[in-house]
Amino acid sequence: EKLRKLTPSFRHLVAVDENFEVFTRAWCIAEIAHGIDLGIPQKMQLFSFATLFQHRSQLQALDVRECQTSVPRDKERILRMIPDKDAFNS
């Protein structure tokens, strides 16, 4: 938040890997959600436009509650940071 105030043009770039695994990782989801909460403009950089079509159904079925972490406690903590999970999913 401090960086955003110091640099008004600050943006959040989400680099999306070829297999869209970024959307299965809880810490990645947490960073995206936090950026949304702070009102930071976000842009997604796709591996390729074709991968968007390949993973379209995966994105449409995205449920933040199904994200993965290496440490189970992390998942619980991250999910608590997202108050409206249904809104986040849509």
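1. In the protein chain, the mean positions of the 13 positive and 12 negative charges lie 6 Å apart.

2. The model is predicted, with local features requiring pLDDT of at least 70 and side-chain atom pairs counting only at pLDDT 80 or more, while totals for chains, interfaces and linings use all residues. Residues are numbered from 1 along each chain as its sequence is written, and side-chain values use heavy atoms, with hydrogens and water left out.

3. The protein chain contains 6 helices and 2 strands, arranged along the sequence in the pattern α-β-α-β-α-α-α-α; helices (H or I, at least four residues) and strands (E, at least two) are DSSP runs numbered from the N terminus. Taken along the principal axes, the C-alpha atoms fill a box of roughly 40 × 35 × 25 Å.

4. Of the 90 residues in the protein chain, 29% count as buried, where buried means under 20% relative accessible area, exposed over 50%, and partly exposed in between (1.4 Å probe, protein chains only). The protein chain exposes about 6400 Å², of which carbon and sulfur atoms supply 55%; accessible areas come from the Shrake-Rupley method with a 1.4 Å probe, and for residues only the protein chains shown count as cover.

5. Among contacts in the protein chain with a separation of 6 or more, residues 24 or more positions apart account for 66%, a contact being defined by heavy atoms within 4.5 Å.

6. Histidine 12 lies in strand 1 (residues 12-15) and, at 18% relative accessibility, counts as buried. Leaving aside neighbours within four places in sequence, histidine 12 is in contact with Glu31, Ile32, Ile40, Pro41, Gln42 and Lys43. Phenylalanine 10, in the loop between helix 1 (2-6) and strand 1, is partly exposed with a relative accessible area of 27%, and its C-alpha atom is 9.5 Å from that of glutamine 42, although the two are 32 residues apart in sequence.

7. A search of the whole structure finds 2 aromatic pairs, and one of them is a tilted pair formed by phenylalanine 20 and phenylalanine 23, with 5.9 Å centre to centre and 40° between the planes. The rings considered are those of Phe, Tyr and Trp (its six-membered ring), which pair if their centres lie within 6.5 Å; planes under 30 degrees apart count as stacked, over 60 as edge-to-face and the rest as tilted. Both phenylalanine 20 and phenylalanine 23 are buried.

8. Phenylalanine 49 and phenylalanine 53 form an edge-to-face aromatic pair, with 5.1 Å centre to centre and 75° between the planes. These residues are separated by about one helical turn because they are 4 residues apart in helix 3 (residues 49-54). Phenylalanine 49 is exposed, with a relative accessible area of 57%, whereas phenylalanine 53 is partly exposed at 46%.

9. Most residues other than glycine have a negative phi. Phenylalanine 20 sits in the loop between strand 1 and helix 2 and counts as buried at 1% relative accessibility.

10. Threonine 69 is found in the loop between helix 4 (56-60) and helix 5 (72-80), and is buried with a relative accessible area of 18%. Its side chain reaches the backbone oxygen of valine 71 at 2.8 Å; a polar contact is a pair of N or O atoms within 3.5 Å, where within protein one must be able to donate a hydrogen and the other to accept it, and residues adjacent in sequence count only if both atoms are side-chain atoms. Not counting residues up to four places away in sequence, threonine 69 touches Arg25, Ala26, Asp74, Lys75 and Ile78.

11. Phenylalanine 47, in the loop between strand 2 (42-45) and helix 3, counts as exposed at 52% relative accessibility. Apart from neighbours within four places in sequence, phenylalanine 47 is in contact with Val16, Asp17 and Glu18. Aspartate 37, in helix 2 (residues 26-38), also counts as exposed, at 54% relative accessibility.

Terms used: Lys and Arg count as positive and Asp and Glu as negative; His and the chain ends are not counted. The place of a charge is taken as NZ of Lys, CZ of Arg, CG of Asp or CD of Glu.
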